[in-house]
Amino acid sequence: MTPPLPERAGRRCHNVLNPLHSTHYFSPDLGRELAAVGIEDERAAYFAVRAAAMGAVGAGTVTATFFNFRHELVAGHVPAVWRTASPEAVLAARLRAVDATLRRLLGEDVIASGEVAEAAKLALRAAEACTRTARPLYAAHADLPVPEAPHLALWHAATLLREHRGDGHLAVLLDAGLDPVEALVSHTATGKGMAPRWALGTRGWSRQDWEAASGRLHERGLLDADGELTPAGAELRRDIEDRTDRLDRAPYEHLGAAGVERLTEIARGVLMTALTAGAFPEGMVGKE
């Protein structure tokens, strides 16, 4: 009999795979590769590399699938970015950037290790149980070929698992009655979300938008006068994560408890190496 999956095992695995996927967003290698195909604006580069798997989509599709960006910010770069570089050129540039980033952060010994190859196989096996229905970002990435190199295959699988969970998470946020800014504010209030200055600097919202969303959450009894989560607010955020877990359980149940534990163990070690090498800017997460 297959051992049951421990509670939140899938979330713990996601929490180490998701940052591995995200390392390239903060990498100078991405800026260099995107500039080589003509995309020099950092925001345009982000929209392009994450949306390219869906093809030359318009601003509406990007706003809908990315969720927490101001539409006017998106529309300032999409679809214009596709006149600069095709989605195919962007995807190729992204993979080159991921390769360079992981080699720089992890080193050749880790890249060539048996553990990375093992993790790639485990993550790809988990992704076999992901489903396309109502999951547009996952579905688009699932149509891309799996890279041959193990470190790139691991990154690709991490991307599939990230977007699969993310698509489900958006459905839960909508059902919880949180708009994009309210979702950002309430997540930041947990101490685990993007710091307000990072959110405001990258998502296109103004300080007035942030304060208005805080006011709405306060009226709902989810934030107190100091901007901290009330017990009801903390319970809502816990429920959001638990419901996201339920929508995302299939890949980890498919992999099995032992496989999830092993994948989490290897990915955590790889992530710690990347973090030590400075994969992310300081002060990105928090309440300030």
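How many aromatic pairs does the count come to by the ring-centre rule?

## Basis

The model is predicted: local features need pLDDT of at least 70, side-chain atom pairs count only at pLDDT 80 or more, and totals for chains, interfaces and linings use all residues. Residues are numbered from 1 along each chain as its sequence is written, and side-chain values use heavy atoms, with hydrogens and water left out.

## Aromatic pairs

The count is nine aromatic pairs. Rings of Phe, Tyr and Trp (its six-membered ring) pair if their centres lie within 6.5 Å; planes under 30 degrees apart are stacked, over 60 edge-to-face, and the rest tilted. The pair of Y46 and F47 is edge-to-face, because the ring centres are 6.1 Å apart and the planes stand at 65°. Both Y46 and F47 are buried, where buried means under 20% relative accessible area, exposed over 50% and partly exposed in between (1.4 Å probe, protein chains only).

F47 also pairs with F66, and this pair is tilted, with 6.2 Å from centre to centre and 40° between the planes. F47 belongs to helix α3 (residues 42-51) and F66 to helix α4 (residues 59-66), so their pair ties together parts that are 19 residues apart in sequence. Helices (H or I, at least four residues) are DSSP runs, numbered from the N terminus.

## The ring cluster

Y25, Y46, F47, F66 and F69 are linked by ring pairs into a cluster. Within this group, F47 has a relative accessible area of 1% and is buried; F66 is buried at 4%.

The face of F66 has R50 over it, at 4.7 Å from the ring centre. The rule for a charge over a ring requires NZ of Lys or CZ of Arg within 6 Å of the ring centre and within 35 degrees of the ring normal.

## R11

R11 is part of helix α1 (residues 9-22). Its relative accessibility is 17%, so R11 counts as buried. The side chains of R11 and D245 make a polar contact at 2.7 Å. Such a contact is a pair of N or O atoms within 3.5 Å; within protein, one must be able to donate a hydrogen and the other to accept it, and residues adjacent in sequence count only if both atoms are side-chain atoms.

Leaving aside residues up to four places away in sequence, R11 touches R165, E241, D242 and D245, contact being heavy atoms within 4.5 Å.

## A92

A92 is found in helix α7 (residues 87-106). With a relative accessible area of 34%, A92 is partly exposed. The C-alpha atoms of A92 and E33 are separated by 9.1 Å, and the two residues are 59 residues apart along the chain.

Definitions and conventions
Helix = DSSP H or I, 4+ residues; strand = E, 2+ residues; numbered from the N terminus.
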